[in-house]
Amino acid sequence: MMRPILDTLWVAVYELGEAVRTRLFQLVILAYLGGIGFSVWLFTEILSEAEARIAETLMVPTTSKPGALLPQLLQNGDIRDLLAPLVGGDKAALALLTQPPLGLWVGVFSMGLLPMVLVFTASGTVSAEIRSRSIRFLLVRTGRLEIAVGKLLGQLLLGLVATTLGVGLAWAMGMYMMTGNDPAALFTTLATRCAWSCVFATPFLGLAMGASLLLGNPNGSRVFAALTFCGMPVAGAILKHYSGPDAIGRVCDLALMAIPMRYWTEFWSTDLTVQLTATGRSLILAMLFFALGFARFQRRDL
């Protein structure tokens, strides 16, 4: 019983080690960190402009770093208006603004960027070894399920590495570029929001792994996963348009549950029950996408 579990963990460690050493992964991580860094810079620029208007109204001098007039901006609703479209409306933004706004802002970017990172890195992990036939060396030591699940866990660990680096970068930039940030509160918010972004990204990881298991060509699996990823919002809009009380509408409403983007706002809820429900649905979708690809991988002649 323990042997399959140990084999799976060893494959995950192998996957993590192999991916970290590849130039492709390094470039993708740099792109992710660049996006996180850009989000911090953009927030400070927006905050500087807003504080300049407040300072002019109050006839007080502006500071070299933004953040000193953040309480006034929170009272005026400027920060709430900035976050509301991203987190599900004014009520959601108002409930969340007991936390540092920079942490929430970076969390939005992390939730948007991490799925793309995982789709790009995970979609070629198995198919590349199928094409090169190097997967046979793993099959000598363990089974197909252990290989597939181990690589899935390894890619999830890569996502955790990316978000951890992103948290450190955002925290350092936020403390340097702004004033008035509570270090502990900012770090806690960044870590929490980026952890939720990992959970939100799990269906997209399942999609990428499913594509990699389904196809034997890494470029083909990346294109398939990318097209599916980009097509999901379009499919979601079409299904939402035709959803209704009739038979077709109910089918569309049921199919809409397979669109992971649908659960974006639920991950921004302050109700833990809502967040856990979205987590369960995301994990089910990840397992479903993964299983569809594994069904083909299990029968493939390697």
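The sulfur of cysteine 198 lies 7.5 Å from the closest cysteine sulfur, that of cysteine 194, which is too far for a bond. A disulfide is taken to be a pair of cysteine sulfur atoms within 2.5 Å, and the structure holds zero disulfides. Cysteine 194 is accordingly in no disulfide. Cysteine 194 has a relative accessible area of 2% and is therefore buried; cysteine 198, at 8%, also counts as buried. Here buried means under 20% relative accessible area, exposed over 50%, and partly exposed in between, computed with a 1.4 Å probe on protein chains only.

The model is predicted: local features need pLDDT of at least 70 and side-chain atom pairs count only at pLDDT 80 or more, whereas totals for chains, interfaces and linings use all residues. Residues are numbered from 1 along each chain as its sequence is written, and side-chain values use heavy atoms, with hydrogens and water left out.

The largest nonpolar core has 78 residues, of which Tyr32, Leu114, Trp268 and Phe297 touch the most other members. Such a core is a set of buried Ala, Val, Leu, Ile, Met, Phe, Trp, Tyr and Cys residues joined through side-chain atoms within 4.5 Å. Helix α10, residues 183-214, gives the most to this core, with 14 residues. Helices (H or I, at least four residues) and strands (E, at least two) are DSSP runs, numbered from the N terminus. With contact defined as heavy atoms within 4.5 Å, leucine 114 is in contact with Tyr32, Gly159, Ala162, Thr163, Ser197, Cys198 and Ala201, neighbours within four places in sequence being left aside.

Threonine 279 belongs to helix α13, residues 272-299. Its relative accessibility is 15%, so threonine 279 counts as buried. Leaving aside neighbours within four places in sequence, threonine 279 is in contact with Trp196, Val199 and Phe267.

Which residues of helix α12 are buried? In this helix, residues 247-256, they are Gly249, Cys252 and Leu256. These residues cover an arc of only 60 degrees around the axis, and therefore lie on the same side of α12; the arc is that of the directions from the helix axis to the C-beta atoms. The buried residues of α12 pack against α11. The face turned away from the buried side carries the exposed residues Ala247, Arg250, Val251 and Leu254.

Glycine 216 sits in the loop between α10 and α11 (218-242). At 25% relative accessibility, glycine 216 counts as partly exposed. Not counting residues up to four places away in sequence, glycine 216 touches Ser127, Ile130, Arg131 and Arg300.

The charged pairs complete the picture. A salt bridge requires a side-chain nitrogen of Lys or Arg within 4 Å of a carboxyl oxygen of Asp or Glu, and by this rule the count comes to three. Lysine 151 pairs with glutamate 129, the closest N and O atoms being 2.8 Å apart. This pair links distant parts of the chain, with lysine 151 in helix α9 (residues 144-177) and glutamate 129 in helix α7 (residues 125-132), 22 residues apart. Both lysine 151 and glutamate 129 are buried. Arginine 281 and glutamate 266 meet in a salt bridge with an N to O distance of 3.6 Å. Arginine 281 lies in helix α13 and glutamate 266 in the loop between α12 and α13, so this pair ties together parts that are 15 residues apart in sequence. Arginine 80 and aspartate 81 also form a salt bridge (3.5 Å, N to O). Arginine 80 is partly exposed at 27% relative accessibility, as is aspartate 81, with a relative accessible area of 43%.
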